Amino acid sequence: MLTPGQIVAGKYRVDRLLGAGGMGAVYVATNLILEKQVALKVMGADFVSNRDWVQRFFREGIAASKVRHPGVVEVFDAGEHEGAPWMAMELLVGESLRDRLERRGHLRVEELLPIARQVLGALAAVHAVGIVHRDLKPDNIFLARIDGHARPVVKVLDFGIAKAFRDDRKIDQLETQAGTVFGTPRYMSPEQAQGKALDHRSDLYSVGVLLYQLVTGRPPFVDDDAVVVMAKHIRETPEPLRVA
């Protein structure tokens, strides 16, 4: 863990802890050269010895930096500090879509439509550069408050498992105790649940699942067993939408 006042890469001063998760922590930091605050994401010590996790961490920055779109979180810089990978990103103010759903239960149609349009716009830019996100879910959609905008601006986050279409391969899609590794079963396309090669249509399926949840208050398939959920995506058709 970093402490307030600590300097990273000779130019980022840690101001305060913003949040911590399974793989590391995010801090509010100030770029001392530009006098600008950023979100500094730093990998936890338990993961730095695993090169696959380190590659995943940097893959997020590489994927996000390839996209120039207001709906995709901007990555400014990346490197290593005392052996721990870090990434300087756009500092966002607002709440995740997950937080809003937990507070509201579901969203009104007039509220969710602008959100859906912005998510699809961001995905169009992501897909245009040959990247599939592979982990779209309420946690990875942020509703940012930005000056000059009456409504929240949607930001798509976490490209840690994003892949180029041409480089996709079969992988184990299960979640582990350390967190989501290769996708989240409740939002997976049937192809992703089966470990098949993916393209942009997999993300669009996840958007469909997301919209179902925004309207009804729950994902179409729910079970405590991730394997059961993935099997339902492959074999079953969700119940017709009923507006909550």
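Modeller: Start with burial: Phe-47 counts as buried because its relative accessibility is 11%, where buried means under 20% relative accessible area, exposed over 50% and partly exposed in between (1.4 Å probe, protein chains only). This is a predicted model, so local features need pLDDT of at least 70 and side-chain atom pairs pLDDT 80 or more, while totals for chains, interfaces and linings use all residues. Residues are numbered from 1 along each chain as its sequence is written, and side-chain values use heavy atoms, leaving out hydrogens and water.

Colleague: How is a pair of aromatic rings described?

Modeller: By the distance of the centres and the angle of the planes. Rings of Phe, Tyr and Trp (its six-membered ring) pair if their centres lie within 6.5 Å; planes under 30 degrees apart are stacked, over 60 edge-to-face, and the rest tilted. The count here is 3 aromatic pairs. One of them joins Phe-47 and Trp-53, edge-to-face because the centres are 5.3 Å apart and the planes at 65 degrees. Trp-53 is buried, at 15% relative accessibility.

Colleague: What kind of pair do Phe-57 and Phe-58 form?

Modeller: Edge-to-face: their ring centres are 5.7 Å apart and their planes at 85 degrees. Phe-57 is buried, at 5% relative accessible area, whereas Phe-58 is partly exposed, at 24%.
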